[in-house]
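Me: I have a two-chain model open and would like to talk it through. Could you take my questions as they come?

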Amino acid sequence: MSARGGRGAWLLAASPLLAVIAALAAGAVFIAGIGENPLEIYALLFREAFGTGYGLGQTLFRATPLLFTGLAVALAFRAGLFNIGVEGQMYLGGFAAALVGAYVPLPGALAAVAAVLAAGLAGGLWGAIPGVLKARFGAHEVINSIMLNFIAFSLVSWAGHGLFQTATVRTREVAAGATLPRLDTLLPAMRGAPVNASLLIGLVLAVAVALLLFRTRLGYELRALGLNAPAAEYGGIAIGATQALAMGLSGALAGVGGTNFVLGYKHWFELGFTGGAGFMGIAVALLGRNHPFGVLVAALFFGALSYGGLVVNQRVPRELVEVLEALVILFAISARPLLERVSRRWA
Amino acid sequence: MIALLFLAAALRISVPYALAAMGSALSERGGVVCIALEGLMLNGALAYTLGAYATNDPWIGIGCALLAGLLTAWLHAEATVRFRADQITTGIGINLLAAGLTRFVLVQVFHSSSNSPRVPGLPPLPIGALARLPGIGDLLASPLVIATIVLVVLVQLLLFRTVFGLRLRAMGERPEAAASLGLSVLRYRFAGVLLCGLLASLGGAWLASEQHSFTDGMTGGRGYIALAAMIVGKWNPMGAAAACLLFGAAEALQITLQGSAFPSEVLQALPYLVTMLALAGFIGRAVAPRADGIPFDPEEH
């Protein structure tokens, strides 16, 4: 990436787009392999995902958790930390929201505020653990956050013995005041789609993360840590505390993401509700190049794939969408070093 | 007798863990973090099922599993070693790819989104009267159990008693020094990852053979437990196998205690807790090879 390499730099900036195109092309081979027309399937998929009010609402609903998990991964990544524990942080966030929403009697919308904050707190504390362990013992946050995912699943299963409704794997319904309203109450065009106020919280947080990263002292310190930790330490940044804080904030974002399902959709916590949204957050952050607004676009793309995949399921198995998602990750992650090499030669 | 049965159960459970954990020890000793174990195992399990289903011969199933493991690992190596892509993200990508791809194939081939039809498992070894030993007889007759025990020793020797092993470890500690001696970092790292693919897919094949079918997501996080065992075993094949036996015992205990008042979730979480303690330095220091996870760029050296 040299200053002269205008063409190379431009190529690099376009690398997420190239990864998406490459993945769609590879997916086209699969689609053609089972005797369908790839262009027709893709056109149908995206028309359904964006073309109608209901479809758009579904796409937005599916994009919402990805927006949160993408932001969570991106924020940690900016500080040079890899948070793979987003799945577990979101899981615990949703669980905390469900418990506070169901068992803490608060008047009106205050119940919803408390439940959302509980989600952020639970996710944040869980996320801070690998950050603290890294700061204190130098233990690798990647492995610890993977381990904490599984511990979170076990923890909730254990707590669920006394909490889950008889013969189900879900908690009691939250109080009416703790629910997040659906957006179709405001936008009748989206009638029936489960997109809810959790999306609005996510949008506000995307802006907040952008401001934090690029307009505050803390954000500057986070990014300095991510770019060059020894230099950041030399510059007087308390590395350990900043790492723990970054992981905590990242976990809090993931935790609040649990509200989309728990407070906005089902109104209860259910075992396995995150369904891989945490891991997809890595893809979202990768494709969004760890920028909050890039994350937003990437979340929309994956949300559209997710809903569109369901719609075309009769002609192409929706499992294909999972393959596409994975291919996007693999192409995006390989494209950058590859393009860097190309642009180095051009420069 | 009960102790023997318990040990047999623990050993049986730890077979797939041990195979995958040994694989990741080879990969990481060579400097490539492999969190793709889950995907490698899943692809191995499906390939075994397809092979055994198509030919009714479990050994062809094993061959297919090894081939699938090799191909999946090759993808991992291309991305991480040749293109120097981030190893952790690549691993996650491979795991997601395997989850989607196996489901896709399951639907396409068997027209079911949950499981395959019954396929033959591996036949017992002809060990005569030994097979009638109570508790452990059928275990001794199981070809993959014996193979795993032999492999643990072989992989340990390969890594620490051969020129190849010494060079592989050099790629994980100081690749620049190895490169300056004229060794190809790329070739050795590829070898480490590909061997990992072979071993992990064998672990997957064992699962499908034991169960006589493939079910969606049948690895159920075992790849991550194997990764944890490898860390607790301090990146040594023997140590990893011992940790697998420990984790297998915890799982066997969980099955034994089912229905009792003891919360099984504690045992479920045990491997992960032990790993975190090991990483924090409470159970001896678990330190990764120095260059583990760092892509090697020959143009920079």
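Me: Is Asn290(A) buried, exposed or partly exposed?
Reply: Asn290(A) counts as partly exposed, because 19 other C-beta atoms lie within 10 Å; a residue is buried with 20 or more such atoms within 10 Å of its own, exposed with 12 or fewer, and partly exposed in between, with C-beta atoms placed from the backbone. This is a predicted model, in which local features need pLDDT of at least 70 and side-chain atom pairs count only at pLDDT 80 or more, while totals for chains, interfaces and linings use all residues. Residues are numbered from 1 along each chain as its sequence is written, and chains are lettered from A and ligands numbered from 1 in the order in which they are written.

Me: Where does Asn290(A) sit, and what is its phi?
Reply: Asn290(A) is in the loop between α13 and α14 (292-311) of chain A, where helices (H or I, at least four residues) and strands (E, at least two) are DSSP runs numbered from the N terminus. Its phi is positive, about 60 degrees, although Asn290(A) is not a glycine. Most residues other than glycine have a negative phi.

Me: Since you mention α10(B), how many of its residues are buried?
Reply: Eleven of the eleven residues are buried, so α10(B) is largely enclosed by the rest of the structure. Among them are Arg222(B), Tyr224(B), Leu227(B) and Met230(B).

Me: And what covers them?
Reply: The cover of the buried residues of α10(B) includes α7 of chain A, together with α1, α2 (37-55), α11 and α12 of chain B.

Me: What about α11(B), does its length agree or disagree with the number of residues?
Reply: It agrees, because the 20 residues of α11(B) (residues 237-256) should span 28 Å at 1.5 Å a residue, and the end C-alpha atoms are 28 Å apart; the expected span is 1.5 Å times one less than the number of residues. Its buried residues include Pro237(B), Cys244(B), Phe247(B) and Glu251(B), and the buried residues of α11(B) pack against α1 (2-29), α6 (143-161), α10 (222-232) and α12 (264-279) of chain B.

Me: Changing topic, how many residues of each chain are in contact?
Reply: 33 residues of chain A are in contact with 34 residues of chain B, two residues being in contact if their C-beta atoms, placed from the backbone, lie within 7 Å. On the chain A side, the elements that give two or more residues are α6 (110-137), α7 (141-163), α13 and α15 (319-346), and α15(A) gives the most, with 13 residues.

Me: What classes do the residues on that side fall into?
Reply: The side of chain A that touches chain B has 25 nonpolar, five polar and three charged residues. Here Ala, Val, Leu, Ile, Met, Phe, Trp, Tyr, Cys and Pro count as nonpolar, Asp, Glu, Lys and Arg as charged, and the others, Gly among them, as polar.

Me: Within chain A, how do α4(A) and α11(A) pack?
Reply: Helix α4 (residues 53-78) and helix α11 (residues 239-257) of chain A pack at an angle of about 175 degrees, with their axes 8 Å apart; axes are lines fitted to C-alpha atoms, for helices over the stretch in contact, and angles run from 0 to 180 degrees between N-to-C directions. That makes α4(A) roughly antiparallel to α11(A), since angles under 35 degrees count as roughly parallel, over 145 as roughly antiparallel, 65 to 115 as roughly perpendicular and the rest as oblique. The contact includes Phe68(A) and Leu75(A) of α4(A) and Met247(A) and Leu253(A) of α11(A), and by class it has twelve nonpolar, four polar and no charged residues.

Me: And Pro130(A), what does it touch?
Reply: Not counting residues up to four places away in sequence, Pro130(A) touches Gly85(A), Glu141(A), Asn144(A), Ser145(A), Leu148(A) and Met247(A). Pro130(A) lies in helix α6 of chain A and counts as buried, because it has 33 C-beta neighbours inside 10 Å.
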